[in-house]
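Subject: The structure I promised you

Hi,

Here is the structure I said I would pass on. Have it open while you read, and my notes on it follow below.

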Amino acid sequence: MANYIMALDAGTTSNRCILFNEAGEICSMAQKEFNQYFPNPGWVEHDANEIWSTMLGVAVEAMNRIRATAQDIAAIGITNQRETAIVWDKETGEPVCNAIVWQCRRTAPICQELLADKELAAYIQENTGLLVDAYFSATKLKWILDTIPGARQRARQGELLFGTVDTWLIWKLTGGAVHVTDYTNASRTMLYNIRELRWDKRICDALDIPMEMLPEVRGCSEVYGTANIQGVEVPVCGCAGDQQAALFGQTCFEAGEAKNTYGTGCFLLMNTGREARRSANNLLTTVGWHCGDGLRYALEGSVFMAGAVVQWLRDGLQLIREASEIEALAASEPDNGGVFFVPAFAGLGAPYWDQYARGAIVGLTRGVTRGHLARAALEAIALQTLDIMACMEKDSGLPLTALRVDGGASRNNMLMQCQADVLGVPVERPVITETTALGAACLAGLAVGFWAGEDELCSLWKLDRRFEPRMDEERRAALLHQWHRAVKRAAGWIE
């Protein structure tokens with residue numbers, strides 16, 4: 001009897017494999033970081049082959065830790081860093097260049113050209129739910145086809161395939177037999193029409209992208225193919241981009257329910273039900289998931305730098321030795337000492353969408369300490385989230401009553417308390433904070449009958465801690481005022 005669902009979580013800086021049992025508990029986990037490449041300022045790349053090899057390695061390691069065999073695995077679910085673009089040879093499986101990561105800003109000039117065509121830019125927003133930005137896959141793919149010699153012609157001849165990381169992993173797992181993506185990842189490419197549920201020919205033509213290289217779009221919870229593990233064919237049958245997977249894993253099944261994931265970036269999603277609501281406040285309309293009785297949509301706000309801020313304090317400034325030290329350092333001071341940190345290292349995401357903003361630390365005096373900087377960094381994560389939620393409430397007409405949280409940084413109690421304080425609503429952290437992987441596991445498990453339905457999944461969600469807001473309104477208003485002054489200082493820095 002198969003006892004586990006295997007979730008493959010392809011993150012931005014590391015890959016993880018988690019084995020979940022029928023109670024939704026983590027039985028085994030393995031994780032490995034992979035290399036980040038920064039060949040030019042603002043450029044971020046990954047080696048697609050390294051993504052695959054590290055994922056394969058952690059899958060084996062997770063199984064070995066509990067002596068699980070292929071017969072113990074009921075299904076494989078995949079969740080992934082979204083928007084990252086990979087192009088590879090259909091026959092050899094060899095990528096034509098490094099993967100261009102979602103954080104990469106190299107295609108900002110292409111986006112400026114698209115934005116100059118106001119009719120096309122409006123069409124893109126209306127039909128993809130996205131704003132024209134280098135964040136998304138479309139201009140990354142165009143850059144590859146424009147830059148790699150012969151790539152566009154080879155793509156037209158059917159020799160090259162495009163995919164986001166989910167597509168790449170499914171293709172590798174199935175031995176090159178299956179070239180698919182799911183609705184959630186497709187909706188993040190800026191090439192997919194989320195209203196008509198098809199690749200959009202007008203956008204592909206505008207970017208000169210051959211549609212022959214695009215994957216088939218499938219639901220989030222269905223069998224795509226099988227992976228041969230130890231001679232056993234294991235179904236690959238669940239897939240969702242990391243943020244949508246977390247929304248599902250947090251069991252935000254009702255319209256108006258929201259979650260925030262604190263990873264490399266910070267991503268806030270609200271379920272809007274069966275309606276694709278266009279944002280009037282610079283948020284994104286995206287597919288939430290497709291499972292069972294159809295499609296669910298979501299509003300999303302993306303913060304580019306969250307956990308990455310702590311990584312920078314560790315690796316760039318060497319302010320701390322381990323990321324876990326940030327909470328104690330921040331707690332060494334009672335407040336931020338007047339310091340505000342705007343971590344716009346790769347521009348500002350929602351609701352500003354400023355590709356030319358850059359990081360800024362303002363309010364420095366001789367009395368500022370390491371603790372003040374650490375506290376300002378944590379506050380920046382919470383304040384960026386507040387900016388998004390304020391827009392989300394306006395767009396949805398639904399007031400937030402609580403925020404469910406997950407991701408690595410959600411284990412930081414000071415950050416979670418700060419988040420509750422600035423939002424003015426409770427923050428709920430579940431026992432299982434690996435809800436991105438759990439969401440992928442749930443989607444895969446539903447496809448093979450491992451779990452019966454949404455009611456059973458809701459019973460798996462358990463509260464670890466609820467953070468109640470404690471900050472008075474006067475102090476909160478002053479904090480927000482200074483924060484927005486700091487954001488203006490960082491805006492449009494690159495000329």
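Which elements do the buried residues of helix 10 pack against? Keep in mind as you look that this is a predicted model. Helix 10 covers residues 307-315, and its buried residues are Gly307, Ala308, Val309, Val310 and Leu313. They pack against helix 11 (326-331), strand 19 (340-342) and helix 12 (370-396).

Next, the salt bridges. Side chains of opposite charge can pair when their charged atoms come close. Searching the whole structure turns up 32 salt bridges. Here are some to look up.

One of them joins the side chains of Glu434 and Arg16, at 2.5 Å from N to O. Glu434 sits in the loop between strand 22 (427-430) and helix 14 (435-447), while Arg16 belongs to strand 2 (residues 14-20), so this pair ties together parts that are 418 residues apart in sequence. Are these two residues buried or exposed? Both Glu434 and Arg16 are buried.

Lys142 and Asp146 give you another salt bridge, with 3.2 Å from N to O. Here both partners lie in helix 4 (residues 137-147), 4 residues apart, which is about one turn of the helix. Lys142 is buried, because its relative accessible area of 16% falls under the 20% cut-off. Asp146 has 43% relative accessibility and so counts as partly exposed.

Then there is the salt bridge between the side chains of Arg321 and Glu325, at 3.7 Å from N to O. Arg321 counts as exposed, with 71% relative accessibility, and Glu325 counts as partly exposed at 26%.

Salt bridges can also join up into a network. Which residues are linked that way here? They are Arg82, Glu83, Arg188, Asp242 and Glu300.

Now for how some of the helices pack. Start with helix 2 (residues 108-116) and helix 4, whose axes are 9 Å apart and which pack at an angle of about 115°. That angle makes helix 2 roughly perpendicular to helix 4. The crossing of helix 2 past helix 4 is right-handed. Where do they touch? On the helix 2 side you will find Ile110, Cys111 and Leu114, and they meet Thr139, Lys142 and Trp143 of helix 4. Sorted by type, the residues of this contact come out as 4 nonpolar, 1 polar and 1 charged.

Helix 1 passes helix 6 in a right-handed crossing. From helix 1, the contact uses Ala48, Asn49, Ile51, Trp52 and Met55, and from helix 6 it uses Val165, Trp168, Leu169, Lys172 and Leu173. Those residues divide into 8 nonpolar, 1 polar and 1 charged.

Last, a few details of the backbone. What kind of peptide bond joins Ala350 and Pro351? The bond is cis, with omega at about -5°. Pro351 is in the loop between strand 19 and strand 20 (360-362).

Trp353 is not a glycine, yet its phi is positive, at about 50°. With 13% relative accessibility, Trp353 counts as buried.

Arg67 also has a positive phi, near 55°, and is a residue other than glycine. You can find Arg67 in the loop between helix 1 and strand 5 (73-80). Is Arg67 buried or exposed? Arg67 is exposed, with a relative accessible area of 77%.

That's everything from me for now.

Cheers

Definitions and conventions:
Residues numbered from 1 in each chain as written. Predicted model: local features only at pLDDT ≥ 70, side-chain atom pairs only at ≥ 80, totals over all residues. Heavy atoms only, no water. Salt bridge = Lys/Arg side-chain N within 4 Å of Asp/Glu carboxyl O. Helix = DSSP H or I, 4+ residues; strand = E, 2+ residues; numbered from the N terminus. Buried < 20%, exposed > 50% of the residue type's maximum accessible area, 1.4 Å probe, protein only. Axes fitted to C-alpha atoms, helices over the stretch in contact; angles between N-to-C directions. Parallel < 35°, antiparallel > 145°, perpendicular 65-115°, else oblique. Left-handed = near helix turned anticlockwise from the far one by under 90°. Contact = heavy atoms within 4.5 Å. Nonpolar A, V, L, I, M, F, W, Y, C, P; charged D, E, K, R; others polar.
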